[in-house]
Amino acid sequence: MSARPLQLGTRERLIVALDEPTGAEALAWVDRLGDAVRFYKIGMELLASGDYFRVLDELARRDKKIFVDLKFFDIPATIAGVIKGLSRWPVSYCTIHGWHAGMMEAAAAARSGDMRLLAVTVLTSMDGNDLKSMGIDGEPADIVVQRALAAQAAGIDGVIASGQEAGVIRAATGPGFDIVCPGIRPDGPVGDDQKRTVGVAEAFRLGADAIVVGRPIRQAADPRAAAEAIQLEIADSFK
């Protein structure tokens, strides 16, 4: 059974990635961005700092929504234990890999409260050649849809996937299944490690519920202004 629907305000559809090596640096970004951002993703780089749950608690104290992006992948019993434990925290989204039905079913059964689980489909840094090198026969869009449908059948609440596939995922899964899109490049591709990218308006036009943005904000000359510009583009998408 899915968690209760996550009700996102328009300004909560921008999720900023706090990919920083220390808690102090992560929270400095929260201070810098202020009320321009209401939803943050905390991932593996911050985990290695030892400050992970301090930052999580501080985000909750500041009434920010929290996305735990640790891409859990293990045997079903271990995943169930992790998800059960993490459900004690005020987490809105949490990622697990969408490669194994039994693992996803165990995660869905262990989840409680309002936390919604997102299955990782195909990383946005990967293309068809990368899949072939891993022995996976199919184009990214085909594999993403297969994994989205498997996740939905297992009781997972949504997926994290490139905006390039948001339309085909939405067509396959219908409404109420969350699609969260990283690899957003507001000004177009910039030649970094992200291969399957889209712009802000395109992601929402194709069916995204929320987008994850990191470097285009953090590397901007004026990060807060960059975040506000994305918020305006999101608001225009919902008019």
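This is a predicted model: local features need pLDDT of at least 70, side-chain atom pairs count only at pLDDT 80 or more; totals for chains, interfaces and linings use all residues.

Trainee: How are α4 and α5 oriented to each other, roughly parallel or roughly antiparallel?

Mentor: Good place to begin! Two packed helices are described by the angle between their axes and the distance between the axes. Here the axes of α4 (residues 76-86) and α5 (residues 101-110) come within 8 Å and cross at roughly 30°. Angles under 35 degrees count as roughly parallel, and α4 and α5 are therefore roughly parallel.

Trainee: And what is the handedness of the crossing of α4 and α5?

Mentor: The helices to picture are again α4 and α5, with their axes crossing at roughly 30°. Their crossing is right-handed.

Trainee: Which kinds of residues make up the contact of α4 with α5?

Mentor: On the α4 side are P76, I79, A80, I83 and K84, and they meet G102, M103, A106, A107 and A110 of α5. Sorted by kind, the residues of this contact are one charged, one polar and eight nonpolar.

Trainee: Is G113 buried, partly exposed or exposed?

Mentor: G113 sits in the loop between α5 and β5 (116-120). Its C-alpha atom is 10.0 Å from that of K84, 29 residues away along the chain. The relative accessibility of G113 is 47%, so G113 counts as partly exposed.

Methods:
Residues are numbered from 1 along each chain as its sequence is written. Side-chain values use heavy atoms; hydrogens and water are left out. Axes are lines fitted to C-alpha atoms, for helices over the stretch in contact, and angles run from 0 to 180 degrees between N-to-C directions. Helices (H or I, at least four residues) and strands (E, at least two) are DSSP runs, numbered from the N terminus. Angles under 35 degrees count as roughly parallel, over 145 as roughly antiparallel, 65 to 115 as roughly perpendicular and the rest as oblique. A crossing is left-handed if the near helix is turned anticlockwise from the far one by less than a right angle, and right-handed if clockwise. Contact means heavy atoms within 4.5 Å. Ala, Val, Leu, Ile, Met, Phe, Trp, Tyr, Cys and Pro count as nonpolar, Asp, Glu, Lys and Arg as charged, and the others, Gly among them, as polar. Buried means under 20% relative accessible area, exposed over 50%, partly exposed in between (1.4 Å probe, protein chains only).
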